[in-house]
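These are my notebook entries on one model.

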Amino acid sequence: MSQTPSAAGGASYASAGVDIEAGDRAVELMKEWVKKTQRPEVAGLGGLGGFAGLFDASALKRYERPLLASATDGVGTKVDIARQLGVYDTIGHDLVAMVMDDIVVCGAEPLFMTDYICVGKVHPERVAAIVKGIAEGCVLAGCSLVGGETAEHPGLLGPDDFDVAGAGTGVVEHDRLLGADRIRSGDAVIAMASSGLHSNGYSLVRHVVFDRAGMTLDQRVDELGRTLGEELLEPTKIYSLDCLALTRTTDVHAFSHITGGGLAANLARVIPDGLHATVDRSTWAPGAIFDLVGTAGRVERLELEKTLNMGVGMVAVVPADSVDAALTTLADRGVESWVAGEITERGDRATGAELVGDYAK
């Protein structure tokens, strides 16, 4: 009589490296954190573990002409810092910031988000810690985490390797849509301070601090006031609710999320043809981490500026007569901000935005 493969000791999903039971345990561990993100539009609609996340779209009836805004992103090689340090409950803040702060740029209110976590081996507590960070980030952004996917890829990733990505959706009234068409000559450029490197440029940063400078993550750096690892893992600031507050108290014309490409390149994305944004470096002093990377790697200033945020994580463009109200709103919310530049006629300048002067000391 022939034997079945299992009876003969044949292959199984588990023997191939995929542990379904561990995945189920991870889902159970993360449920309490996901529940904390629920907006009224998702409460009572299914639950974690379903095939799709649900959102009650009848909530959009209050809009005259609702526009849905969507974005997707990851956090890049910053995940390797989390892996090396064994700290997994902050990287989710970075993910939410990268997705939802892109969405709020057009004036959209974040509604919901999904995540994708890819691991070499499912460690339930580790996956739950990652989701905990994502859930906490969603609370800070005002959105719900309605679902996600945890995929185990043995053989493709090492047992401790992982990556995260996410997608989000927001909504904005058509006549409240922000962008380049609202910007006028004479507008002010308001900068909002970053919490550090955020989640861009880590391939350069890791090359500089590890390969060139020979530093270690547990090394205390006096200029930083903490260890290198603590600095590099500092979560990305989430500006979503701060930006929405600005739209309620001032006549915001545009936002720009300062991510890969740096301040000038990202600001130029919202500057219309014929106009030009000039940002004065002397209005702020970048944090010590930026000087460390530049000095240790002998990185030219322009190279740093097109790779790192240099201390500015979000920019708002507002009319000159709205500056005081904007700065007051941000100060009341604990956001460090300042007037960093202005919008003028472009003239013969080739780019939409540039940085001038030298940084403050």
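Entry 1: a pair of strands. I looked up Val-279 and found that Gly-341 in strand E11 stands opposite it. Strands E9 (residues 275-280) and E11 (residues 337-345) are antiparallel partners, joined over 5 bridges. I note that strands (E, at least two residues) and helices (H or I, at least four) are DSSP runs, numbered from the N terminus, and that two strands pair if DSSP finds at least two bridges between them.

I record the source here: this is a predicted model, in which local features need pLDDT of at least 70 and side-chain atom pairs count only at pLDDT 80 or more, while totals for chains, interfaces and linings use all residues. Residues are numbered from 1 along each chain as its sequence is written, and side-chain values use heavy atoms, with hydrogens and water left out.

Entry 2: the sheet. I traced an open sheet of 6 strands with mixed pairing, in the order E8-E10-E5-E11-E9-E12. Strands E8 (254-257) and E12 (353-356) stand at the edges; each has a single partner strand, so one side of each lacks a neighbour in the sheet. On average, neighbouring strands of this sheet are turned by 25° against each other, direction ignored.

Entry 3: helices on the sheet. I found that helix H7 (residues 240-249) packs on the sheet and touches E5 (188-193), E8 and E10 (312-318); contact means heavy atoms within 4.5 Å. The direction of H7 makes about 170° with that of E8. Helix H11 (residues 323-332) lies across E5, E10 and E11, and runs at about 10° to E5. For such angles, axes are lines fitted to C-alpha atoms, for helices over the stretch in contact, and values run from 0 to 180 degrees between N-to-C directions.

Entry 4: Leu-157. I located Leu-157 in the loop between strands E3 (144-152) and E4 (162-173).
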